[in-house]
Amino acid sequence: MRLARTRRTLIAALFAPLALLTPTTAHAATAATEHLPVRHAAGETVTLPVRDALAELTVSDEDRAGYSRDKFKHWTDADKDGCNTRAEVLLEEAVTAPEVGAKCALTGGSWYSPYDDLYFDSASKLDVDHLVPLAEAWDSGASAWTAKEREAYANDLDDPRALIAVSAASNRSKADKDPTEWLPPYSPYWCDYVTNWVADKLRYQLSVDPAEQAALAERLAVCPDQPITVTLAR
């Protein structure tokens, strides 16, 4: 009897640490799984708070090797109505509609540039900005796309956040900078800008580099954690 009790005591002592470790290990595995980015399929529409959307983006160093703006065919006329992508954006975003002449020449009309809180009365004073610049897209994953995929990105009229009519001065000041280097001159627009930036990157499953991720997180921490709805292009 004494020997049996001793064996039971030894067995209990051996398994006691396992009983303590197993729940901890399971919890750690669950926690790790919870923090993995969720992968969605092209064509799927997702809605989630913008800070969660940022967490969905892959963090990776960027590489601009091989980039050329010519690798993104843009300002095409996809629907063959005579108005190219630039003109379509200007028509869609006009505060006062312009007259449309031969070859989609726009006269009159007025526009608001949210980057600098200014109004313009001529389309010639505006640029149509790729919210996430073509060079930035290349750095963040588009270098691996086909030419047709890059063309679709450069002429995206399906998501109004992708292309935006703004003052030529603000667009050229921005150039190909990301939010670590540039934010719109009009600071009340900053929250909209970074929220839309995240939405556009999520739509195309583009990565963010570590500094960009930190800058976006810092800015979004003082912005409303508003839900964004994105239909994934990839």
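For sorting lining residues, Ala, Val, Leu, Ile, Met, Phe, Trp, Tyr, Cys and Pro count as nonpolar, Asp, Glu, Lys and Arg as charged, and the others, Gly among them, as polar. The model is a predicted one, so local features need pLDDT of at least 70 and side-chain atom pairs count only at pLDDT 80 or more, while totals for chains, interfaces and linings use all residues. Numbering runs from 1 along each chain as its sequence is written, and side-chain values rest on heavy atoms, with hydrogens and water left out.

On that scheme, the lining of the largest pocket splits into seven nonpolar, three polar and five charged residues. A pocket here is an open set of points on a 1 Å grid over the protein atoms alone, where a 1.4 Å probe fits, with protein on both sides within 12 Å along at least five of seven lines; lining residues have an atom within 4 Å of a point. Of the 15 lining residues, Arg69, Asp129, His130, Asn171 and Ala175 sit nearest the centre. Strand S6 (126-130) and helix H4 (134-139) are the elements giving two or more residues to this lining, and S6 gives the most, with four. Strands (E, at least two residues) and helices (H or I, at least four) are DSSP runs, numbered from the N terminus.

Turning to the second largest pocket, helix H3 (residues 85-93) gives the most to its lining, with four residues. The lining includes Glu88, Asp156 and Pro160, and by class it has four nonpolar, no polar and five charged residues.
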